[in-house]
Amino acid sequence: MNEFLQTALTFPTVVYSMLLCVCVLFWLLAATGLAMADGADGLAGSHGHGHGHGHGHGHGHGGDASDAAGMLAWLGLGGVPLTVVITTFAFLAWLGTYFAQLLVIGRLPEDVRTLAGTGTMLGMLIPAVAVTALVLRPLARTLERMEPAVAPSLLGRSGVIVTPTLTPSYGQASFDDGGAGLILQVRYDDSTPLQRGDRIVLIEYIEEQNAYRVVSEQQFLSR
C-alpha cells in the first residue's frame with residue numbers, strides 16, 4: 001500500500017492522480033445530487049449527437065462548445081457525455097504513468113527522473129486519447145441507435161460545421177436555437193468541399209439516417 005501511494009503521488013503520476021481524483025469527486029457529487037452529471041457535457045455540446053439536446057451551447061460558450069463537439073466527433077465519440085470521456089482518459093493516462101513510474105522512471109538516476117517524468121506525462125496524452133476513443137466508440141454507436149428521430153421542422157435553419165470535414169455519410173453541425181443549442185447529424189453531397197467552421201443550411205431530413213442533408217449557406221442564398 002505504501003508503494004502504491006508513493007508511486008501515485010510521485011511525478012508524473014501525481015498529475016493524472018489529481019485529475020482522476022477530480023473526476024471521482026465529480027461523480028460522487030453527481031451520485032448525491034449535488035452536481036449535474038450533464039453540466040460539463042453541455043460545454044461541449046456532447047449531448048444531442050443526432051438531435052437537439054445539447055446543453056450549455058449559449059452565446060458565451062458557442063466557440064468552446066463547437067470546438068469540443070468537433071473534437072469528440074473527430075474521435076468518433078459524438079454523443080458520449082464529456083464527463084465520461086474525461087474520466088476514461090484520466091484513468092487510462094493515470095494507469096500508463098503509474099506503471100511507467102513504477103517499472104522505469106523510479107529506477108532511473110535521480111538527476112534524470114524529472115526529465116523522464118515530463119516526457120512520460122506529455123507522451124501519455126496520445127495513447128490515452130487513442131485508447132479512450134477505442135474503448136468508448138461502441139458506447140457512442142449504442143447511444144446513436146437509441147436516439148429518437150429528429151424533427152424535420154428545422155429545415156432552412158443555418159449552422160456551423162463542427163467536424164473536420166463534411167461528407168455524404170459523415171458530419172455534425174451546431175445550431176443556435178436561442179437557448180441550449182443543437183448538435184445535429186448532417187450530410188453533404190456537393191463536390192465543393194466544406195470544412196469545420198463553414199456555415200451550412202438544412203435543406204432535407206433523411207429519416208433513415210436520422211440526419212439532415214445540407215448545402216453551404218452561400219449556395220442556399222444564391223438560389
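Visitor: What am I looking at, and how is it numbered?

Guide: This is a predicted model, in which local features need pLDDT of at least 70, side-chain atom pairs count only at pLDDT 80 or more, and totals for chains, interfaces and linings use all residues. Residues are numbered from 1 along each chain as its sequence is written, and side-chain values use heavy atoms, with hydrogens and water left out.

Visitor: How many aromatic pairs are there in the whole structure?

Guide: A search finds 8 aromatic pairs. Rings of Phe, Tyr and Trp (its six-membered ring) pair if their centres lie within 6.5 Å; planes under 30 degrees apart count as stacked, over 60 as edge-to-face and the rest as tilted. One of the pairs is Phe4 and Trp94: the ring centres are 6.1 Å apart and the planes are at 65°, so this pair is edge-to-face.

Visitor: Where in the chain are Phe4 and Trp94?

Guide: Phe4 is in helix 1 (residues 2-8) and Trp94 is in helix 5 (residues 82-103), so the pair links distant parts of the chain, 90 residues apart. Helices (H or I, at least four residues) and strands (E, at least two) are DSSP runs, numbered from the N terminus.

Visitor: Is Trp94 buried or exposed?

Guide: Trp94 is buried, at a relative accessible area of 11%. Phe4 is partly exposed, at 34%. Buried means under 20% relative accessible area, exposed over 50%, and partly exposed in between (1.4 Å probe, protein chains only).

Visitor: What about Phe91 and Trp94, stacked or edge-to-face?

Guide: Stacked, because their planes are at 25°, with the ring centres 6.4 Å apart. Phe91 and Trp94 are 3 residues apart in helix 5, which is about one helical turn. An α-helix has 3.6 residues a turn, so residues three or four places apart point the same way. Phe91 is partly exposed, with a relative accessible area of 41%.

Visitor: Which residues form the aromatic cluster?

Guide: Phe4, Phe91, Trp94, Tyr98 and Phe99 form one cluster.

Visitor: Switching to charges. How many salt bridges does the structure hold?

Guide: It holds 3 salt bridges. A salt bridge is a side-chain nitrogen of Lys or Arg within 4 Å of a carboxyl oxygen of Asp or Glu. In one of them, Arg213 meets Asp189 at 2.4 Å, N to O. Arg213 lies in strand 5 (residues 211-216), while Asp189 is in the loop between strand 3 (182-187) and strand 4 (199-206), so the pair ties together parts that are 24 residues apart in sequence.

Visitor: And which residues are linked in a network of salt bridges?

Guide: Asp189, Glu204 and Arg213. The side chains of Glu204 and Arg213 meet at 2.7 Å, N to O. Arg213 is partly exposed at 22% relative accessibility, Asp189 is partly exposed at 44%, and Glu204 is partly exposed at 37%.

Visitor: What does Arg199 meet in a salt bridge?

Guide: Glu217, at 3.2 Å, N to O. Arg199 lies in strand 4 and Glu217 in helix 8 (residues 217-222), so this pair ties together parts that are 18 residues apart in sequence.

Visitor: In what sense do strand 4 and strand 5 pair, parallel or antiparallel?

Guide: Antiparallel, over 6 bridges. Two strands pair if DSSP finds at least two bridges between them. Ile200 has Ser216 in strand 5 as its bridge partner. The hairpin of strand 4 and strand 5 has 4 residues between the strands, and Asn210 there takes a positive phi near 50°.

Visitor: What about strand 3 and strand 5?

Guide: Strand 3 and strand 5 pair in the parallel sense over 2 bridges. Val186 has Tyr212 in strand 5 as its bridge partner. Strand 5 is mostly covered, with 5 of its 6 residues buried.

Visitor: Last one, Ala93: what does it touch, not counting residues up to four places away in sequence?

Guide: Ala93 touches Tyr16, Met124 and Ala128, where contact means heavy atoms within 4.5 Å. Ala93 is found in helix 5 and counts as buried, at 0% relative accessibility. Ala93 and Thr132 are 39 residues apart in sequence and 9.5 Å apart in space, C-alpha to C-alpha.
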